[in-house]
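Me: I have a chain open here and would like to talk through how it packs. Can we go through it piece by piece?

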Amino acid sequence: MTTAVATPKISSARLIVCYAAILGTLPYLTLKASWVTGGSLGLRDPSFVDSDLMLFANLLTGGMDVVAVVLALAFTYSWGRRIAAPLVLFPIWIGTGLLAPIVLDLPVIVADLMKPQPAGTPLENWVWAVVYGGFAWQGVLLLTAFVLYARDRWWFVVTGTVRPGTIGVAGGLGIAAALVTAIGHTIWAFGPGGMAARGQDVVIALLGLLAAVALATVSRGRFWPRLVLVWTGAGAMAGSGAWGLFSAFTMGSAGHVPVLAVQVTGGVLMMTSILRRLPHTA
């Protein structure tokens with residue numbers, strides 16, 4: 001006779017975090033659905049989204065929020081623990097890199113949004129508040145859901161001992177790339193652009209530096225705080241750098257491409273290096 005195994009009960013707190021994170025994607029997904037189907041929600045100039053490039057960009061960014069919905073569910077329900085680790089870790093790592101700088105820069109973004117916007121902009125003023133507010137909401141709640149998920153699935157990262165060895169060539173090159181990233185974004189932070197753009201550059205520069213310091217000192221002290229710093233900083237380098245490259249190539253602005261390419265490569269190298277030092281249980 002077979003005995004049925006009871007499914008572990010999901011706490012109310014985790015369910016609230018999951019569905020609150022999903023709720024945060026709906027305004028952005030509504031905008032994207034409107035624009036790709038020919039709607040004009042939030043548009044002053046509907047021709048702004050008429051090109052094939054904008055259709056592709058809206059499908060891409062809308063699809064990223066669909067992935068966020070799937071991740072929120074995977075982080076909450078038991079089936080999510082059966083998904084192969086790379087299929088979970090890669091999208092949430094990139095998501096961390098895209099969302100964490102927005103959360104950290106939110107006060108500057110809000111201050112920038114409160115200024116009068118130029119009359120010629122193709123989007124209504126409220127669209128920016130909806131977009132950045134939704135991203136900040138997702139950043140807090142989706143990452144909270146991931147932390148709870150990772151605590152259950154990879155508890156040994158906190159309790160285990162660090163594998164012996166050095167950070168290797170990948171780690172050294174990643175640290176060098178983080179320094180290039182920090183210098184580049186610091187220079188851009190004092191260039192033309194809104195406060196929000198400058199604030200994002202400062203945040204990415206700081207996150208890259210913190211990741212570099214954490215990786216360089218990975219053998220000293222506790223491992224998991226350094227993993228968090230490298231995860232976030234390297235993710236910010238890779239995620240924001242990849243998006244910057246996409247924007248540069250599609251908008252025909254190649255001035256930042258060399259630094260952005262170094263930035264993406266460095267983020268991947270630092271993450272590769274620290275993953276090799278993951279703790280193991282005694």
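Me: Let's start with Tyr28: is Tyr28 buried or exposed?
Reply: In this predicted model, Tyr28 counts as buried, because its relative accessibility is 9%.

Me: Which ring does Tyr28 form an aromatic pair with, and what kind of pair is that?
Reply: The aromatic partner of Tyr28 is Phe135, and the pair is tilted, with 4.9 Å from centre to centre and 55° between the planes. Tyr28 sits in helix α1 (residues 12–36) and Phe135 in helix α5 (residues 125–153), so the pair links distant parts of the chain, 107 residues apart. Phe135 is buried too, because its relative accessible area is 16%.

Me: And what about Tyr149 and Trp154, what sort of aromatic pair do they form?
Reply: Tyr149 and Trp154 form an edge-to-face pair, 5.7 Å centre to centre with 80° between the planes. Tyr149 is buried, with a relative accessible area of 1%, and Trp154 is also buried, at 17%.

Me: Which residues do ring pairs link into a cluster?
Reply: The cluster linked by ring pairs consists of Phe75, Phe146, Tyr149, Trp154 and Trp231. The count of aromatic pairs comes to nine.

Me: Changing topic to helices: how do the axes of α2 and α9 cross?
Reply: The axes of helix α2 (residues 52–74) and helix α9 (residues 223–251) come within 12 Å and cross at roughly 170°. That angle makes α2 roughly antiparallel to α9, because angles over 145 degrees are classed that way.

Me: Which residues make that contact?
Reply: On the α2 side the contact is made by Leu53, Phe56, Ala57, Leu60 and Thr61, and on the α9 side by Trp243, Phe246 and Thr250. By type, the residues of this contact between α2 and α9 divide into six nonpolar, two polar and no charged.

Me: Staying with α2, how far does it reach from its first C-alpha to its last?
Reply: With 23 residues, α2 reaches 33 Å from its first C-alpha to its last, which is close to the 33 Å expected at 1.5 Å a residue. Its buried residues include Met54, Ala57, Asn58, Thr61, Gly62 and Asp65, and the buried residues of α2 pack against α1, α3, α5 and α9.

Me: Now α3 and α9, at what angle do they pack?
Reply: Helix α3 (residues 85–104) and α9 pack at an angle of about 85°, with their axes 7 Å apart. The two helices α3 and α9 are therefore roughly perpendicular to each other.

Me: Which residues of α3 and α9 meet there?
Reply: From α3 the residues are Leu89, Ile92, Trp93, Ile94, Thr96, Gly97, Leu98, Ala100 and Pro101, and they meet Trp231, Thr232, Ala234, Gly235, Ala236, Ala238, Gly239, Ser240 and Trp243 of α9. The residues of this contact of α3 with α9 divide into 12 nonpolar, six polar and no charged.

Me: Where is Gly95, and how far is its C-alpha from that of Gly235?
Reply: Gly95 has its place in helix α3 and counts as buried, at 16% relative accessibility. The C-alpha atoms of Gly95 and Gly235 are separated by 7.8 Å, although the two residues are 140 residues apart along the chain.

Me: One more helix, then: how many residues does α10 have?
Reply: Helix α10 (residues 257–275) has 19 residues and reaches 27 Å from its first C-alpha to its last, close to the 27 Å expected at 1.5 Å a residue. Its buried residues include Val257, Leu260, Gln263, Gly266, Met270 and Ile274.

Me: What is Gln263 in contact with?
Reply: Leaving aside its neighbours within four places in sequence, Gln263 is in contact with Thr181, His185, Ile204, Ala236, Met237, Ala238, Ser240 and Gly241. Gln263 is buried, with a relative accessible area of 0%.

Me: And Thr181, where is that found?
Reply: Thr181 is found in helix α7 (residues 168–189), and it is buried, with a relative accessible area of 0%. Not counting residues up to four places away in sequence, Thr181 touches Ile204, Met237 and Gln263.

Me: Last one: is Pro46 buried, partly exposed or exposed?
Reply: Pro46, which is found in the loop between α1 and α2, is partly exposed, with a relative accessible area of 39%.

Terms used
Residues are numbered from 1 along each chain as its sequence is written. This is a predicted model: local features need pLDDT of at least 70, side-chain atom pairs count only at pLDDT 80 or more; totals for chains, interfaces and linings use all residues. Side-chain values use heavy atoms; hydrogens and water are left out. Axes are lines fitted to C-alpha atoms, for helices over the stretch in contact, and angles run from 0 to 180 degrees between N-to-C directions. Helices (H or I, at least four residues) and strands (E, at least two) are DSSP runs, numbered from the N terminus. Angles under 35 degrees count as roughly parallel, over 145 as roughly antiparallel, 65 to 115 as roughly perpendicular and the rest as oblique. Contact means heavy atoms within 4.5 Å. Ala, Val, Leu, Ile, Met, Phe, Trp, Tyr, Cys and Pro count as nonpolar, Asp, Glu, Lys and Arg as charged, and the others, Gly among them, as polar. Rings of Phe, Tyr and Trp (its six-membered ring) pair if their centres lie within 6.5 Å; planes under 30 degrees apart count as stacked, over 60 as edge-to-face and the rest as tilted. Buried means under 20% relative accessible area, exposed over 50%, partly exposed in between (1.4 Å probe, protein chains only). The expected span of a helix is 1.5 Å times one less than its number of residues.
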